[in-house]
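Open the model in your viewer and keep the selection tool at hand. Each stop below says what to pick and what is there.

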Number of protein chains: 2
Amino acid sequence: MTTKTKEVPLNFEHRTRRSASEARPVYGFERWLLKRLLKTMRDPPLTISLWNGEQLRGCAQRSDVTLHIRNPQALWGILANPDLYFGDAYSDGNIEVEGDLLRMIELATLHKPQLVGETGPLGLLIRLLAPTPRTNNLKASRHNIHHHYDLGNDFYQLWLDHPYMQYTCAYFPDPAMSLEAAQVAKMEHVCRKLQLKPGDTVVEAGCGWGGLARYMAEHHGVTVRAYNISQEQVRYATEKAQASGLAGKVEYIEDDYRNVTGEYDVFVSVGMLEHVGRKNYRDLGGVIDHCLKDNGRALIHSIGRNAPRLMNRWIEKRIFPGAYPPALSEMMDIFEPYDFSILDVENLRLHYARTLEHWLQRFEEHRMDVTEAFDERFLRAWRLYLTGSVSAFKLGDLQLFQVLFSRGGDNSLPWSRKYIYYQ
Amino acid sequence: MTTKTKEVPLNFEHRTRRSASEARPVYGFERWLLKRLLKTMRDPPLTISLWNGEQLRGCAQRSDVTLHIRNPQALWGILANPDLYFGDAYSDGNIEVEGDLLRMIELATLHKPQLVGETGPLGLLIRLLAPTPRTNNLKASRHNIHHHYDLGNDFYQLWLDHPYMQYTCAYFPDPAMSLEAAQVAKMEHVCRKLQLKPGDTVVEAGCGWGGLARYMAEHHGVTVRAYNISQEQVRYATEKAQASGLAGKVEYIEDDYRNVTGEYDVFVSVGMLEHVGRKNYRDLGGVIDHCLKDNGRALIHSIGRNAPRLMNRWIEKRIFPGAYPPALSEMMDIFEPYDFSILDVENLRLHYARTLEHWLQRFEEHRMDVTEAFDERFLRAWRLYLTGSVSAFKLGDLQLFQVLFSRGGDNSLPWSRKYIYYQ
């Protein structure tokens, strides 16, 4: 993505002013279609402003936001394929939102028109025609991960927490906590659930910039082998660990989770399952089955859904290639074939909404840096992605599951989960 | 079952002494088959004693228990269909266990012979031929429930806790707690998870002898409508509530959960799902969807499995007709079609093993009363069922899941589960 946007730099202002079709009038049937759309959406408090300056409203008493559609292409794009096209048109500036972008996305979600609904014969057809997410074989996984995570450590440092750089849901036992405190609380929450004790060996699948592995070694006296296929992240993580004097305690390995070797007391994976791909869950379970000792504890932390559904197509295509947030029923493919026993599932949905609000705020504070490093289109795409994610977690479209599990026959279980909350 | 055993009273001692075939010798191929069985079981520390006094051992150094097989029918029964026949032969006294019955069951589970394994073509065949549990339409449900729960309140009072009569898993935050304290702790645990507050309306599906409903009304100031199709239980529960001055707060209704009407702040079901039947989960979800308010909280407490598997056939046939403990993947059929959001899953497997140990101890203390009220066969069947259940929960063959959930869009969620543990 970095390369592409740098090769074809698009000047946002320039582009939106030049489009030839902006000059043509709005046709009668376009007006009719838009009015029908607003009606099907049960008249959200929304104004649609067209390229000729014409404004359309449903029967709503008030209007919270105005959606500017800059040209006919953008109009037809979002009519034909709203999930995919809205993001592109917004990124390119062919759609503009006047007012609160989060409110606009929430309205679109809450008033989702039946035209793109998921029930009925039309919905069935849409689902049949929908492309499946890209496959995640070893090579494709590398490509997909590079797409997102190798945008450059500098970029993520602008808006993630310091010093742990957690690009995953934080934990806010008090919602007023700072992002930094909440990310530490998340790591501590995970460590407590896993009952880490000094000397334990831990394997981590998908370690990001290595923050959790470092935290575990520093604060719980364990040794960690952490796997990641992102070269930039592994380099950063290794340097950080060396600088913190943890070289002997934490080892970062640039390799796929499927190549994990050895036996460990603890398996942990925070924010990787989203990239594993539905059909690889059984294999992931097999990897854990191979590497977990008899009394081992394991935790998977992942974005999920209340029921199986495809990822938003624009995010899947432009932001997270190959990503898929599973429903719990789907996630069970990891555990059931190997007689793993689910001990504890916690849903941290609202914590991710709060995390994303923090990220979005910091991202906006650094928007000049982002535009300078990439371009306006990149800035807008990421703004939309972060804002859309706040909305998805707030409205319950996405969940965040922490699943703690062990082998089926392990009886060394605590009698109460109090140990997670007291110390 | 009450009726049946009373109509055809079998005198245990009488029966075991009279069998004509006890006189015949043990054939060579019977001996060979048993030795092969012991070998396939990887030589458990077990002695088999046959009807002619002959004793067989595998290569194990020691023997923890002796299994007496009193006649050839019993031998061939357990060879052909061990899951089903062992229970019947034990109940009838045609099989006897010298030593610890729990140890015997654990050995049979841990050393499960491949002959009756669930993998490979033979296992597949066995599963194909296995009868599906009886269907649970409204009429069949009533029959199945009468079978088990209308054995008489007197019977259950012998060995359940007082005064709440909970025939479901207790909660032992301290494993040394008494059964009474642990059953109260369980109810309080459920109430806390559900965040009951005075004035809340609660609907309970499958209320047993009404203990939880009374506890909720007494200690949390809520009003409860509790459904149960067992006539004896509903009568008992109603009398108890009236005697406790809770007549206006708790209402017991002799009806099926599918006939629940009204809207409630809370849905709760403790120990009913096991009797609902796999194919009715979606309907159960529909019932909850109908009766739960927008910000409602709901909890299902049920025996479950790490992966889908049929119930032990003897228990399904003789003790709990129509029962099925689901895997979490199967349970999701309740939630996913209605966009319910799983908030918290807790596995209390070891708590059920401990609960059953308490029940078994009290049951044995009252064995004379049980034999008097029923007969020796009934006593032995229930002893086997309770002991087998201790083993199943200890060895991880069965799980106990508490699943807390709410509607997908409800954002009035607590930020931490601390509230369950502090007060």
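A residue is buried if 20 or more other C-beta atoms lie within 10 Å of its own, exposed if 12 or fewer, and partly exposed in between, with C-beta atoms placed from the backbone. This is a predicted model, where local features need pLDDT of at least 70, side-chain atom pairs count only at pLDDT 80 or more, and totals for chains, interfaces and linings use all residues. Residues are numbered from 1 along each chain as its sequence is written, while chains are lettered from A and ligands numbered from 1 in the order in which they are written.

**Stop 1: a glycine in chain B**

Select Gly99(B). Is Gly99(B) buried, exposed or partly exposed? Gly99(B) has 14 other C-beta atoms within 10 Å, so it is partly exposed. Gly99(B) sits in the loop between β4 (95–98) and α6 (101–110) of chain B. Helices (H or I, at least four residues) and strands (E, at least two) are DSSP runs, numbered from the N terminus.

Thr66(B) is 33 residues away from Gly99(B) along the chain, but their C-alpha atoms are separated by 6.6 Å. Two residues are in contact, or touch, if their C-beta atoms, placed from the backbone, lie within 7 Å. Leaving out residues up to four places away in sequence, Gly99(B) touches Asp64(B), Val65(B), Thr66(B) and Met104(B).

**Stop 2: the sheet beside it**

Select β1 to β4 of chain B. These 4 strands form an open sheet in the order β2-β1-β3-β4, and the pairing is mixed. Two strands pair if DSSP finds at least two bridges between them. β2 (55–57) and β4 of chain B stand at the edges, each with a single partner strand, so one side of each has no neighbour in the sheet. From one strand to the next, the twist averages 25 degrees.

Zoom in on β1 (residues 46–49) and β3 (residues 65–69) of chain B. They pair in the parallel sense over 4 bridges. Ser49(B) stands opposite His68(B) in β3(B). Next, show α6(B). This helix packs on the sheet and touches β1, β3 and β4 of chain B. Its direction makes about 85 degrees with that of β3(B). Axes here are lines fitted to C-alpha atoms, for helices over the stretch in contact, and angles run from 0 to 180 degrees between N-to-C directions.

**Stop 3: where the chains meet**

Show both chains. The contact takes 34 residues from chain B and 34 residues from chain A. On chain B, α15 (328–335), β10 (340–347) and α19 (418–421) each supply at least two residues of the side that touches chain A. Which element gives the largest share of that side? It is β10(B), with 8 residues. The residues of this side of chain B divide into 16 nonpolar, 10 polar and 8 charged. Ala, Val, Leu, Ile, Met, Phe, Trp, Tyr, Cys and Pro count as nonpolar, Asp, Glu, Lys and Arg as charged, and the others, Gly among them, as polar.

Select β10 (residues 340–347) of chain A together with β10(B). The two pair in the antiparallel sense over 3 bridges. Val345(A) stands opposite Val345(B) in β10(B).

**Stop 4: an enclosed strand in chain A**

Chain A has 19 helices and 11 strands. Of its 423 residues, 48% count as buried.

Select β8 (residues 264–270) of chain A. Why is β8(A) described as largely enclosed by the rest of the structure? Because 7 of its 7 residues are buried. β5 (residues 201–205) of chain A runs parallel to β8(A), joined by 3 bridges. Glu204(A) stands opposite Val268(A) in β8(A). β8(A) also pairs with β9 (residues 292–304) of chain A, in the parallel sense over 6 bridges. There, Ser269(A) stands opposite Ile300(A) in β9(A).

Follow the chain from β8(A) through helix α13 (residues 281–291) of chain A to β9(A): this β-α-β crossover is right-handed. That term applies if, with the strands pointing away from the viewer, the path from the first strand over the helix to the second runs clockwise.

**Stop 5: the core**

Bring chain B back. The largest nonpolar core has 234 residues. Such a core is a set of buried Ala, Val, Leu, Ile, Met, Phe, Trp, Tyr and Cys residues joined through C-beta atoms within 7 Å. Met216(A), Phe267(A), Val403(A), Met216(B), Phe267(B) and Val403(B) have the most contacts inside it.

End on Met216(A). Not counting residues up to four places away in sequence, Met216(A) touches Cys191(A), Leu196(A), Val202(A), Val222(A) and Val224(A).
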